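Hi everyone, thanks for making time this morning. I'd like to walk you through how some chains in this assembly meet each other, so please have the structure open as I talk.

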12 protein chains.
Amino acid sequence: MSAKILVIHGPNLNLLGTREPEVYGPVTLEEINRQLQAYAAEKSVEVRTFQSNHEGAIIDAIHQAVDWADGVVINPGAYTHYSCAIRDAIAAVGLPTVEVHLSNVYAREGFRHLSVIAPVCLGQIAGFGWHSYVLGLEALLMKLGAFA
Amino acid sequence: MSAKILVIHGPNLNLLGTREPEVYGPVTLEEINRQLQAYAAEKSVEVRTFQSNHEGAIIDAIHQAVDWADGVVINPGAYTHYSCAIRDAIAAVGLPTVEVHLSNVYAREGFRHLSVIAPVCLGQIAGFGWHSYVLGLEALLMKLGAFA
Amino acid sequence: MSAKILVIHGPNLNLLGTREPEVYGPVTLEEINRQLQAYAAEKSVEVRTFQSNHEGAIIDAIHQAVDWADGVVINPGAYTHYSCAIRDAIAAVGLPTVEVHLSNVYAREGFRHLSVIAPVCLGQIAGFGWHSYVLGLEALLMKLGAFA
Amino acid sequence: MSAKILVIHGPNLNLLGTREPEVYGPVTLEEINRQLQAYAAEKSVEVRTFQSNHEGAIIDAIHQAVDWADGVVINPGAYTHYSCAIRDAIAAVGLPTVEVHLSNVYAREGFRHLSVIAPVCLGQIAGFGWHSYVLGLEALLMKLGAFA
Amino acid sequence: MSAKILVIHGPNLNLLGTREPEVYGPVTLEEINRQLQAYAAEKSVEVRTFQSNHEGAIIDAIHQAVDWADGVVINPGAYTHYSCAIRDAIAAVGLPTVEVHLSNVYAREGFRHLSVIAPVCLGQIAGFGWHSYVLGLEALLMKLGAFA
Amino acid sequence: MSAKILVIHGPNLNLLGTREPEVYGPVTLEEINRQLQAYAAEKSVEVRTFQSNHEGAIIDAIHQAVDWADGVVINPGAYTHYSCAIRDAIAAVGLPTVEVHLSNVYAREGFRHLSVIAPVCLGQIAGFGWHSYVLGLEALLMKLGAFA
Amino acid sequence: MSAKILVIHGPNLNLLGTREPEVYGPVTLEEINRQLQAYAAEKSVEVRTFQSNHEGAIIDAIHQAVDWADGVVINPGAYTHYSCAIRDAIAAVGLPTVEVHLSNVYAREGFRHLSVIAPVCLGQIAGFGWHSYVLGLEALLMKLGAFA
Amino acid sequence: MSAKILVIHGPNLNLLGTREPEVYGPVTLEEINRQLQAYAAEKSVEVRTFQSNHEGAIIDAIHQAVDWADGVVINPGAYTHYSCAIRDAIAAVGLPTVEVHLSNVYAREGFRHLSVIAPVCLGQIAGFGWHSYVLGLEALLMKLGAFA
Amino acid sequence: MSAKILVIHGPNLNLLGTREPEVYGPVTLEEINRQLQAYAAEKSVEVRTFQSNHEGAIIDAIHQAVDWADGVVINPGAYTHYSCAIRDAIAAVGLPTVEVHLSNVYAREGFRHLSVIAPVCLGQIAGFGWHSYVLGLEALLMKLGAFA
Amino acid sequence: MSAKILVIHGPNLNLLGTREPEVYGPVTLEEINRQLQAYAAEKSVEVRTFQSNHEGAIIDAIHQAVDWADGVVINPGAYTHYSCAIRDAIAAVGLPTVEVHLSNVYAREGFRHLSVIAPVCLGQIAGFGWHSYVLGLEALLMKLGAFA
Amino acid sequence: MSAKILVIHGPNLNLLGTREPEVYGPVTLEEINRQLQAYAAEKSVEVRTFQSNHEGAIIDAIHQAVDWADGVVINPGAYTHYSCAIRDAIAAVGLPTVEVHLSNVYAREGFRHLSVIAPVCLGQIAGFGWHSYVLGLEALLMKLGAFA
Amino acid sequence: MSAKILVIHGPNLNLLGTREPEVYGPVTLEEINRQLQAYAAEKSVEVRTFQSNHEGAIIDAIHQAVDWADGVVINPGAYTHYSCAIRDAIAAVGLPTVEVHLSNVYAREGFRHLSVIAPVCLGQIAGFGWHSYVLGLEALLMKLGAFA
């Protein structure tokens, strides 16, 4: 199997490891991407990563994924809580998608408990730092395998 | 009369006809634009169409319309439900604006029942597939005529 | 094609043109009905109009329409916001129905933003004065044509 | 001065004095109307009374009042809490209107605390049994005098 | 015992059996009334049935029942959810009343979960198709017997 | 009969006639009190008036009234909407009390629609300018007579 | 026909007839069970009754019923209002189930108006004392017959 | 490393694979437990599994785990949505805990979107069928390793 | 006087003194029970203590208390916030009951501010650590004395 | 130990024993103060009592207490439900404070269930008539001892 | 220009600098007033300061200001969140008013996010410690100049 | 001192002075920037201004500011009310930030009363037209000085 996966990092995640390490941990986005590539190599799948602070750019990336990817792992950052437009993009392209979060959003401010995106995803993984991405990839591969 | 109208297609509408046809119908955005141009030709008005997945780009387009357009027909897509910034753009430029939707948003999920944009428009037309655009144009022309 | 359409005017619309012209415009109900008949003649369809201030009479009219009409255009007036009974009547007879409003209800008091009727209609048109009726007829004919 | 006043008794008020006297008191509607006529004679004004359990009939009566009456005293009964159609009727005819209630609605079930009609009236009088009607007439006459 | 019972069918129930059978079943109102008369004959009680789409007419019927009936079985249809006026009518006449519904309202749209009428009834029976009426009659007779 | 009545003017009412006449009218508090004394003289009752901007002082006045007054007319001003302490004072002394308002509070901001005080009063009169006080006195005298 | 029915009595129903008779009536649970057995004998069906104050034990009983019962009549007591676990048990086993209540829950405290269980039942019967159980059995048998 | 993990299956999960496979999949609880033991063997960790429909028994099991386990994976089933007592148990014992769900709870009924338990867990994994358990174990082991 | 009192410790209280001492203090349940027995000896009353994590077991204990106890002191733990079944048990047995809490629940998470149990108790004491139990016993004895 | 305690009686408590004895009991405030002094004498502590209907005066008293008192027992009366200013006063002076209520506020009107003051107190005692004050003193002394 | 400004310090602000310095800073009210006088001297305006814990006294001060002041700077303290009476006082006198807060109220408890007073002020300044007062004065002078 | 400040103008502010002057005043953005530079020159600080209608571009600008700026003054325009992504950007970079608004948002539509951004800022200044920016700069410099 040679699945192709798009991993999307939403707004402010480019600052990872440099800011608020007590909330998001000390690992940089570059390191996370390296970990994901290592994992991908081990599993013989292709992973492409993308980061943007722009809601529209994330939507564009999801649209383009329909031409090459088998699934999406997305950490929508703060867009999780209000971007119905990203939600519609995921629903429209129909790619199996896993929503991930570094922190346990349910242990934080009330507004972070609502995800407008989760209802159109396969599922959600939250609270395990950068491991959430690895678990998200793994969950997606399991599901893709289940459809194979 | 030679009114000039800007027609704005919001996020994900570029996928029309290729995705979720059971919700949005089988017609592509390109075909809708052709229909609108045909209608414009028939009515001897000028129609320019614009699509973007970027909230900011839609705001920019509304701002620029003030220099050339007599009115706006907008399908704000998912931005309908939270983009107070697009709302303010419409209110600020003061162009007569009609909000249109392909689907009957009131027969869908609860969050789609709220439009933060409708209060600053002339009115709203929802539920008639791509005909909603034609009806929107027509409504706008009636109103512009009323002011003529 | 020789579609037959029932146009229903809800409560207080008999006062149109004589009262609160700053909200509803200066056109009387009689003039609106004349416009609708002119439009019907032009399109070679049959339009019958009905006005009542009685919720039950509106329900009765919807029930009777099932014997002769191909569709309904309804301005439910204030019943829009609470008449679940009219909603059920529309759902029960199953005739394609378009909800119309003279004013942009979304720019008025909060209680006018909720339509209990819209979810069982094809769609909704609001804010274009008496043109809303003409647009509603047109939308309905488009839809009927789509089913033909 | 020879003001003409319409007094409207809403749903279930025809049962007054015969049912639930512990809530509404022992006086019948007929007796209330007699009191109102006595008061009218004393003040040399004309009072016409009307009772109906039908929302539509109450709307019709308000519409007709515009041809002969200088003001309205209305006890909308339970329609107080949801009849936006009666509200619109009062707003549309523009006659000065006083809302009255036999019982102190604010000391009863929560749903009785909301009046959708009060915002378009001159004011509201509640809690004084059949005296509420007399006070309502008096309030209306004071206001009419103030405009004279 | 020769109890006399009024059975009220609220709005849209005249369409039973002809419309939306997937929700309300294939039985017509006429057949339900026949079943109720058969049941009444078997139990030696008198049943009179009444259907109206008019809220006011239902209130009138409840008022008149006080002169001849020992109890009421009512399916208020959509009026269940907002007719405080029917509620007040039931409370005012004081006849023991059972509220019945064909469908399980609690398995349908949220607005159908609220009954403004149930608090003034003996009880409520919902979800058993036309059997709900028979069960309602039976419940009422049990209660009337309890008072005998 | 020689009833004794306390009339309480709540916060900011000392400014009447000098401020915001478009909301509260041009009449000063002194003139209102003169009108109330004239009315009292005519009815042969005793009226004492009291104004304070202090919630505690109003409570004290209600407590002291129990020694000499037969009833209270109170315009609680803005305390209407949150002073549970004044509510408790009225309930504790048990004097029949009428709540009055100059303006139609139901036609103003949402927070003015709630009275925490009305549930423990005989009733409420709102919207008739300074006439509200006269009507309040009259209502109270009617009720006191009813108990005589 | 020889249907087998499980009747479940939820928490605190073991106290019936000994406590709060003004709410729940004077009949003991033992007497209710005797009445149900008498009714079962008359109808030639088998009824087994079960009471527990333990949410888990009620779930276990529902699970076990799947091996022998054709349907369930359940009075979930206070679990009605929050036991999503019992709801899931009923949905999971798929046995036709009728929810019953002794009292008219809609005439009691607000929290008793919500049933988290009703949406997965055939229907609900409330307010007829111990007769609610008999009516529930009857409703269930009607439905089972309808499927026969 | 030889971590010891308690896996808790909440109410109704004993029915897995036999009921509602369209929601929860065709795999039985026994098979899931076998998968977890296989995974545990591969990772050289010890896994003990426990299922109960009783809230109290789940609390007891969490309490006892403090004596032998290094962490907990829990699928609280419907208790997720209201068992503050299980929440307190997890918080009290202080063992690192992962909440898992078979289905994507965010794509189901509204009441399933709230977890009272998630705020005291490390994180939450939902939507991947029985794989959710494997991912939960893996997440827990990653975290335990992070603390080693 | 020889009053007999049941003291109930709800879920997770068996962990007292060993877990989360910063919230609940360092005293164990055993020590609290010793203090209560010492207090009971001093006052010559009989105290029996009971702890369970099972909602049903707590209900059973309340039911059994009716045979021997004069009153109940209960710390319902997390069941405070949702166990309508425990509430109904207390109301049903009718024993005077005092609700106690170790911590000041009003200074903690919002969900802890609601007690569904307090409305059927004599009163509530919260925030004084294990002293809350002693104060609860004392309050109960005062009340029992008042009835003696 | 010679602790000094301020006991504050909020609005309307000066009427105790003379008004609404069915809610607040027959004991006067003077008698309560005598009981508190007797208790103080027995415990060798100093108690000063203060009553006011003025929110500002209560705040002033709390401010002055910081110069002489070791703790406060306060029955804020109706100010409990909205006086954020008293709340801030208690938080600002930092004296350990116990909130007490004569009646069980949780068994009364909904607005009495919210205390804006309790979150900044040590704890709350409600429902034991004048004994609530004695229990409050005792609770405060226990706590002061715990800090000694 | 020689503007005259009233600066009002609301409840508990007399404790500034002596209590809760981690929230409100170490500066005393006296020092703030000195800073304001220094600023006033520099700008050649007159500033009078007033502090009270009494809502009524603050209202009185606002009323009196109308005779001498050109504007008001007010820190309403906790009255911010509920004193509709202070709001009405500001609206009634019509003096341009600036609301200031020492702390960033939007970063504190939820109830502090609502200001009932801000809607009738020119604007609001919050979060800059005692500098908020200086900024408030400056803002007011800018506005007064704009009207000059 | 030579502080460097980024001033961000959010969506639609590029239209200032040309549109809706009755809400936002007649001053253009260019003029405001000139005023800010004049102020900066006077205070010997460096101010860079940035305007964008794109949420993502504003986030990017905040990220870049961390490399050169000492603080931020931001008028987030309509993004104030929903851009959790901008909120997270401000929290992540940790630069002291002041939120400013031209109009008094608390005197406008309800949705403008909520700022999702204010909780992570130093404070908020609203209602003083373009002076709000100057006051914001001044507030920031005061705060930066406090840290120097």
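Let's begin with chains E and G: 22 residues of chain E are in contact with 21 residues of chain G. Please keep in mind throughout that this is a predicted model.

How much area do chain E and chain G bury between them? It comes to about 1,900 Å², and 64% of that is on carbon and sulfur atoms.

Polar contacts are another matter, with a count of seven residue pairs between chain E and chain G, both residues of each pair at pLDDT 80 or more.

Which elements of chain E give two or more residues to the side that touches chain G? They are strand S5, residues 123-126, and helix H5, residues 131-147. H5(E) gives the most to that side, with seven residues. By type, the residues on the side of chain E that touches chain G divide into 14 nonpolar, six polar and two charged.

Let me stay on the strand for a moment. S5(E) pairs with strand S5 of chain G, residues 123-126 there as well, in the antiparallel sense and over three bridges. Look for Ile125(E), whose bridge partner in S5(G) is Ile125(G).

Next, please turn to chains D and F. Here 21 residues of chain D are in contact with 21 residues of chain F. Chain D and chain F bury about 1,900 Å² between them, with 64% of it on carbon and sulfur atoms. On chain D, the trio to look at is Tyr106(D), Phe128(D) and Met142(D): they supply 30% of the area that chain D buries against chain F, more than any other three residues.

Between chain D and chain F the salt bridge count is zero, while seven residue pairs are in polar contact, both residues at pLDDT 80 or more. Strand S5 (123-126) and helix H5 (131-147) of chain D each supply at least two residues of the side that touches chain F. Of the elements there, H5(D) gives the most, with seven residues. Sorted by type, that side of chain D has 14 nonpolar, five polar and two charged residues.

S5(D) and strand S5 of chain F, residues 123-126, pair in the antiparallel sense over three bridges. One bridge to find on your screen is from Gln124(D) to its partner in S5(F), Ala126(F).

And how does chain D relate to chain F? Chain D can be laid on chain F with an RMSD of 0.0 Å by a turn of 180° and a shift of 0.0 Å along the axis. That is the relation of a two-fold axis. In chain D, the C-alpha nearest the axis belongs to Ile125(D), 2.2 Å from it. The same surface serves both copies, and 100% of the contact residues of chain D recur in chain F.

So where can you find a salt bridge? Over all chains, the structure holds 62 of them. One of these is between Glu109(F) and Arg87(K), with the closest N and O atoms 3.3 Å apart. Glu109(F) lies in the loop between strand S4 (97-101) and S5 of chain F, and Arg87(K) lies in helix H4 (residues 84-93) of chain K, so the pair joins two chains.

Chain B and chain G do not touch, and their nearest C-alpha atoms are 19 Å apart. Chain A and chain I have no contact either, with their closest C-alpha atoms 11 Å apart.

Note on methods
Residues are numbered from 1 along each chain as its sequence is written. Chains are lettered from A and ligands numbered from 1 in the order in which they are written. This is a predicted model: local features need pLDDT of at least 70, side-chain atom pairs count only at pLDDT 80 or more; totals for chains, interfaces and linings use all residues. Side-chain values use heavy atoms; hydrogens and water are left out. Contact means heavy atoms within 4.5 Å. Buried area is the accessible area (1.4 Å probe) that two parts lose on being put together, summed over both. A salt bridge is a side-chain nitrogen of Lys or Arg within 4 Å of a carboxyl oxygen of Asp or Glu. A polar contact is a pair of N or O atoms within 3.5 Å; within protein, one must be able to donate a hydrogen and the other to accept it, and residues adjacent in sequence count only if both atoms are side-chain atoms. Helices (H or I, at least four residues) and strands (E, at least two) are DSSP runs, numbered from the N terminus. Ala, Val, Leu, Ile, Met, Phe, Trp, Tyr, Cys and Pro count as nonpolar, Asp, Glu, Lys and Arg as charged, and the others, Gly among them, as polar. Two strands pair if DSSP finds at least two bridges between them. Copies are superposed by least squares on the C-alpha atoms of residues with pLDDT of at least 70 in both.
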